[in-house]
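This report covers a few local features. Please look over the sequence and the structure before reading on.

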Amino acid sequence: MGKMIEDLEGYFKSFSPRGDDLLAELQEEAEKENIPIVGPVMGQLLSIMAGVTGARRILELGTANGYSAIWFAKGCAVAGGKVVSLESDPEMAKRARKNFQRAGVADRVEVREGDAMTEMVAMKGLFDLIFLDIDKQSYAKVLGECERLLEPGGLLIADNTAFNDAKEFNAAIWESDKWEAVNLLTFLPHHSENYDGLCFAKRVLQHM
Ligand SMILES: C[S@@+](CC[C@H](N)C(=O)[O-])C[C@H]1O[C@@H](n2cnc3c(N)ncnc32)[C@H](O)[C@@H]1O
């Protein structure tokens, strides 16, 4: 295979998707205010995942200013998909709603204010894709609700699994017979300073 490319990180940074003007503005705003959004590489990845899975119902945990939810809304547009995003900070929820209006996706993205676990327990109906991006200690706590709310064969994506607080989740999903999971060590420009972890898991086909 020959030699590896030198300065791999610098090289891969040159392939960061641009997104549109509003996404670029929200990214800039998040950088200034230290709001930890996923950034354009991960945003594009989420959009592709929503598109190729044909997801029609997406559940996001952790809205912030709405950046990743807009990528999801773009990705699931062809399938006529909808996004429900959960956010505990009322100010963030308000900002996200404004941004959904500006992005022209407000009819397909709903923000629910409150603690993710509390909101999930009250939910009925199944999702095709669930994205975890809240405080990392909560990942293990909401895993059972993800099992309940995800279609058999549905996709769970968990961000930031390289943080210590995600270790309990990483062990739980690895050991569970309800998931087929891979946990990747990733380098995602504009997402993390260095490396992070990103988990993809399929809900196994038998619903218990
Ligand atoms: C990493 S940011 C989300 C970034 C967003 N997904 C993006 O990339 O555009 C995490 C957000 O989750 C919210 N949050 C943290 N813990 C939560 C919880 N237990 N329930 C609901 N929201 C939570 C925070 O207020 C914050 O806005």
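At roughly what angle do the axes of helix H7 and helix H8 cross?

## Helices H7 and H8

The model is predicted. In this model, the axes of helix H7 (residues 138–149) and helix H8 (residues 167–175) cross at roughly 35 degrees and come within 7 Å. On the H7 side, the contact is made by Tyr139, Ala140 and Leu143; on the H8 side, by Glu168, Phe169, Ala172 and Ile173. Six residues of this contact are nonpolar, one is charged and none is polar.

## Around the ligand

The ligand is surrounded by 18 residues, and the closest are Gly62, Ala64, Tyr67, Ser68 and Ala116. Helix H4 (67–75) supplies at least two residues of this shell, and so does strand E2 (82–87). By type, the shell consists of nine nonpolar, five charged and four polar residues.

Most residues other than glycine have a negative phi. Two exceptions are described here.

Asn160 has a phi near 60 degrees, a positive value in a residue other than glycine. Asn160 sits in the loop between strand E5 (150–159) and H8. Is Asn160 buried or exposed? Because 20 or more other C-beta atoms within 10 Å make a residue buried, Asn160, with 23, is buried.

His190 is not a glycine either, yet its phi is positive, at about 65 degrees. This residue, His190, belongs to the loop between strand E6 (179–186) and strand E7 (196–203). His190 has 17 C-beta neighbours inside 10 Å, so it counts as partly exposed.

How values were computed: Residues numbered from 1 in each chain as written. Predicted model: local features only at pLDDT ≥ 70, side-chain atom pairs only at ≥ 80, totals over all residues. Near = placed C-beta within 6 Å. Helix = DSSP H or I, 4+ residues; strand = E, 2+ residues; numbered from the N terminus. Nonpolar A, V, L, I, M, F, W, Y, C, P; charged D, E, K, R; others polar. Axes fitted to C-alpha atoms, helices over the stretch in contact; angles between N-to-C directions. Contact = placed C-beta atoms within 7 Å. Buried ≥ 20, exposed ≤ 12 C-beta atoms within 10 Å, placed from the backbone.
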